[in-house]
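Dear colleague,

I am passing on the structure below, together with some notes on what turned up in it. Please read the notes alongside the coordinates.

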Amino acid sequence: MRLTMLLGAMLLAGAAEAREPIFDPRAHREFAGSPSEVLVLGTPHLSGLPESFKPESLGPVLDKLAAWKPNIITIESLSGPECEMLQRYKAQYDDTFDTYCWKTDPAEHATGLTLVAATAEAQRLLAQWPLAPTFAQRRHLAAVFVAAGDRASALVQWLRLPVPERHEGDGLDATLVTILRKAETGRNESYALAAVLAARLGLERVFPADDHSADATVIAFGKPYEATMGRIWAAAGANRLAAQKIEEAKLGSPAATLGYYRYQNRSDVPTEAFVGDFGAALKDRTPELYGRYYVGWWETRNLRMVANIRATFAAHPGARVLAVVGASHKGYFEAYLNMMHDVRLVDAGAVLR
């Protein structure tokens, strides 16, 4: 019996030694054509910056990004279809819809299109979009985008209109015009940065890439989970938060805003974010291991967001993609994107220099 067990162990050891290395996509980067380039721009959430920050101070950042000439821009915003899912399954997602989405009822009233119908209509219109659309066509597409739950893309169409043509009509009623005018002046990176840049570059839309479908994995644990995470963040993230506050205090001019974006896109920022957040959570020793629940949620969310980004250029080999996302996502985005065969990462710090 002992001899049999020994022989079995030897055979297993030999099989392990003979096994091929684990498949690594990064080892297979021979492909036809040019690589697709992806620049992950870590951004603060503009709504959380001090009042000294003004959206118009983004000018130098926009200049740097425009010079790089992306032809696809993704944003940290939920798509209409995902919001529809969150609303339908509200019992599993608690207040996620209320926090990250908006109801499209006013746009449905103005256009006669449900969210599902508007999503399909936007795709249909873009598939046959003329090289020189009329102002009426742009107003109509803006209305359709609002009805589809994609306000940032609606803003792109609005901004591509001459100022005198930004008015009601062609599906835009007074309520939708108010929505677009509010977005036009809002402290939101999806609007003030991504949509403005897309319009400036002559693009027709941006692509929502956020994902909160993983929220159901942690919402069920309620206040004990929230209390644990609050304790972890307070203990581990204090130094990083203090450093950010120092940088935010410098805001107040276009040059300072460019400097802040350079700060957010330094090469050491992802590691700092990990140490002050996810790394600390992984090592937290509560009996339930809530910190690991959190990291599992975070990894799932980032994987799904990167999958959404990948889908935007899957049929566009050689695209130049700008992914605008909260700075804490940047390291995970780049790590996952770097696993893809024909993707070349672009250094945001170099572009902003």
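**Overall picture**

Of the 353 residues in the protein chain, 46% are buried, where buried means under 20% relative accessible area, exposed means over 50%, and partly exposed lies in between (1.4 Å probe, protein chains only). This is a predicted model, so local features need pLDDT of at least 70 and side-chain atom pairs count only at pLDDT 80 or more, while totals for chains, interfaces and linings use all residues. Residues are numbered from 1 along each chain as its sequence is written, and side-chain values use heavy atoms, with hydrogens and water left out.

The secondary structure of the chain comes to 19 helices and 5 strands, which are DSSP runs numbered from the N terminus (helices H or I, at least four residues; strands E, at least two). Along the principal axes, the C-alpha atoms fill a box of roughly 90 × 45 × 45 Å.

**The sheet**

The 5 strands form an open sheet with parallel pairing, in the order β3-β2-β4-β1-β5, two strands being counted as paired if DSSP finds at least two bridges between them. Its edge strands are β3 (207-208) and β5 (343-346), each of which pairs on one side only.

Strand β2 (residues 72-75) is joined to β4 (residues 320-326) by 3 bridges, and to β3 by 2 bridges. On the β4 side, I73 has L322 as its bridge partner and T74 stands opposite A323; in β3, the bridge partner of I75 is P208. I72 and T74 point one way from β2, whereas I73 and I75 point the other way, and all are buried.

Helix α18 (residues 330-337) lies across β1 (36-43), β4 and β5, and runs at about 170° to β1; the angle is taken between N-to-C directions, from 0 to 180 degrees, using axes fitted to C-alpha atoms, for helices over the stretch in contact, with contact meaning heavy atoms within 4.5 Å.

**A surface patch**

F221, L289 and Y293 make a nonpolar surface patch of about 220 Å². Accessible areas come from the Shrake-Rupley method with a 1.4 Å probe. F221 sits in the loop between α12 (216-219) and α13 (222-236), and counts as partly exposed because its relative accessibility is 32%.

Methods
Patch = residues over 30% accessible without salt bridge, like charges linked within 9 Å, V, L, I, M, F, W, Y side chains within 5 Å. Salt bridge = Lys/Arg side-chain N within 4 Å of Asp/Glu carboxyl O.
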